[in-house]
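Work through the following exercises with the sequence and the model at hand. Each task is followed by a stepwise solution.

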Amino acid sequence: MSFRYHFIVLLCLCFVGTISAQDRDSISEYSYQELNKRFSKYRYNEPKKAKLYADIMLEKAISEKNRLQESNAYVLLARSESYFGNLTNALDFVDKSIAYATVEENYDLYVKAIHRKGMTYYNFGKYDEAISFYLKIDSIARITDNIAYQLKSNQSIGAVKTVLGDHKSAAKLFLENETILEPLKNNPAYASQYASTIIGLCSAHTYFDIPKAEEYLSKLKDISTTSADKDALSYYYMLKGIIFYLKKDYNAALETLETADSLVTSLGRKRNLFPMYRFKGKAYYELGAFEKTIEVYEKIKELQKDINFDHFKYQEVIATLALSYDTINNIEKAIENFTLAQELVKANDTIKQAINYEIINKYDHKIFQTKIDRLVAKSEEKEQQNLSLIYTSLVLATIIILLLILYQKNKTNNQKKFKALVQKLEDAEKNSVEKPATQKTKEKKVPDEKITEILKGLQKFEDSHAFLHKNTSLTSVAKKLNTNTSYLSKTINAHKGMSFINYITKLRIDYALKNLKNDKVLRSYSIKAIAEELGFKTEGAFSRAFKKQTGIYPSYFIKNLTSNS
């Protein structure tokens with residue numbers, strides 16, 4: 001594998017005309033860390049040179065047998081391949097990094113790699129795939145209580161919602177990040193993320209609340225001034241120009257966007273040229289300067305050859321370009337661009353159909369309220385570490401007293417919950433007639449006869465206790481019932497009143513409750529063994545599911561059953 005990669009690298013270098021063999025030799029003498037810095041320096045304005053640095057980083061890491069550096073180089077190469085429109089190569093590189101991070105259980109590298117994979121899909125308009133990887137980052141953030149991971153997840157999913165036009169939901173996610181970052185904004189480690197959050201908030205609010213967008217614009221100006229951040233300053237002028245356009249001050253919009261254009265060009269951020277050119281073209285169009293609109297939008301078409309821009313907004317650009325050509329009676333160009341716009345509409349319809357909006361919409365800001373409160377409390381706690389020992393002792397003493405009170409209260413509550421649970425099980429045994437499934441509004445897309453067939457299959461599935469199989473999944477059950485996953489999922493949602501995962505979990509916990517009450521042998525098993533019997537992959541997953549459904553942990557339930565028997 002190593003020899004083959006070196007051979008490919010040498011072939012690639014033959015085509016890099018801007019760098020001589022002598023220059024390459026000198027570059028190869030740089031340390032890995034220096035090469036990494038140079039990649040960051042050139043990744044926007046000279047992407048081919050940046051890719052060369054990444055190639056040499058990988059070569060150096062392989063020769064030195066440094067797997068961590070090798071994996072980091074794969075992430076950088078994935079970024080470069082994505083920039084040049086090579087989806088397959090980009091995914092191949094990033095998957096190698098993910099594989100290494102998984103084996104080594106390196107959270108930082110794993111998050112970095114799956115975020116890059118999500119970004120790769122995002123850049124190619126595959127938003128459903130992108131968001132699935134961003135949600136993985138969210139899961140890790142919850143497990144590790146890592147603020148940086150949570151910020152990355154919120155920011156990324158907010159970007160997807162922005163592209164899909166759900167600007168209010170995007171703004172809520174960015175607002176959560178602002179809440180987390182507010183006490184940390186003066187910390188250099190979080191300065192860039194805070195600026196990105198304010199940019200996201202300003203951008204999102206331009207679509208539904210201009211005065212609020214202007215408030216965030218003012219914050220962005222303060223950030224760019226105090227930190228001398230040219231990148232933040234370029235966003236300030238770009239967003240200010242967009243706001244001028246939305247307020248129909250087209251000349252002011254053009255003047256401001258021109259300033260932003262100069263800044264972005266000097267920074268080499270080609271991707272950021274798209275929103276500026278887009279609104280410059282729109283302003284020219286409103287002013288009746290159709291030749292200028294054509295000039296600007298033809299630049300976007302040229303850039304699109306190298307960079308995949310927002311697929312939906314690019315469609316608008318091409319449609320406006322066609323109208324501009326039509327207005328100046330250039331029929332040939334008008335037809336060419338109307339045809340392209342039509343193709344983009346079809347392509348974007350395909351993208352929309354591929355998106356699982358149910359997953360995206362479930363990622364609502366309310367889901368994270370508890371988590372945000374916890375993370376904010378954690379950040380505030382760090383700010384208070386310089387308080388005196390006496391104050392700390394008082395707080396600890398208060399906490400201990402409250403915990404003792406809480407322990408006694410929980411003990412009483414758990415006893416009540418246990419008795420209620422046992423009574424419920426005894427009542428269920430006396431009246432074994434199964435309750436009818438909860439029915440919500442039926443999905444019109446699933447034929448009635450198919451629903452009946454699926455429900456009968458599910459009854460057999462429940463009666464045979466097939467849900468105890470560890471590898472039970474939506475796909476495996478759908479195959480067993482001779483249907484597809486979509487029909488099965490919709491039927492369970494409509495007739496069982498819950499998602500597939502919650503349905504399987506409830507069946508397992510109900511089974512556990514009944515059998516633990518009546519089977520002394522089962523009660524003698526360890527929690528881990530019981531979890532395995534029920535099909536749970538881990539002891540923790542079983543305990544959490546049991547607690548969520550019953551209000552008490554399985555160990556407590558078993559202990560009280562044993563003592564009462």
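**Exercise 1.** In which crossing, left-handed or right-handed, does H5 pass H6?

Solution. The model is predicted: local features need pLDDT of at least 70, side-chain atom pairs count only at pLDDT 80 or more, and totals for chains, interfaces and linings use all residues. Residues are numbered from 1 along each chain as its sequence is written, and side-chain values use heavy atoms, with hydrogens and water left out.

Step 1. The crossing of H5 past H6 is left-handed (the near helix is turned anticlockwise from the far one by less than a right angle; clockwise would be right-handed). Helices are DSSP runs of H or I with at least four residues, and strands are runs of E with at least two, numbered from the N terminus.

Step 2. The axes of H5 (residues 67-83) and H6 (residues 87-104) cross at roughly 155 degrees and come within 8 Å. Therefore H5 is roughly antiparallel to H6 (an angle over 145 degrees). Axes are lines fitted to C-alpha atoms, for helices over the stretch in contact, and angles run from 0 to 180 degrees between N-to-C directions.

Step 3. Residues in the contact (heavy atoms within 4.5 Å) include Tyr 74 and Leu 77 of H5 and Phe 93 and Tyr 100 of H6. By class, the contact of H5 with H6 has 9 nonpolar, 4 polar and 3 charged residues (Ala, Val, Leu, Ile, Met, Phe, Trp, Tyr, Cys and Pro are nonpolar; Asp, Glu, Lys and Arg are charged; the others, Gly among them, are polar).

**Exercise 2.** Describe how H14 and H15 pack.

Solution.

Step 1. H14 (residues 250-267) and H15 (residues 273-286) have axes 10 Å apart, at an angle of about 155 degrees. The two helices, H14 and H15, are therefore roughly antiparallel.

Step 2. H14 passes H15 in a left-handed crossing. Among the residues making the contact are Leu 254 and Leu 257 of H14, with Met 276 and Phe 279 of H15. The class count for H14 with H15 is 11 nonpolar, 1 polar and 4 charged residues.

**Exercise 3.** Where is Glu 336 placed, and with which side chain does the side chain of Glu 336 make a polar contact?

Solution.

Step 1. Glu 336 lies in helix H18 (residues 331-354). Glu 336 counts as partly exposed because its relative accessibility is 37% (buried is under 20%, exposed over 50%, partly exposed in between, with a 1.4 Å probe and protein chains only).

Step 2. The partner is the side chain of Lys 301, at 3.5 Å (a polar contact is a pair of N or O atoms within 3.5 Å; within protein, one must be able to donate a hydrogen and the other to accept it, and residues adjacent in sequence count only if both atoms are side-chain atoms).

How values were computed. Parallel < 35°, antiparallel > 145°, perpendicular 65-115°, else oblique.
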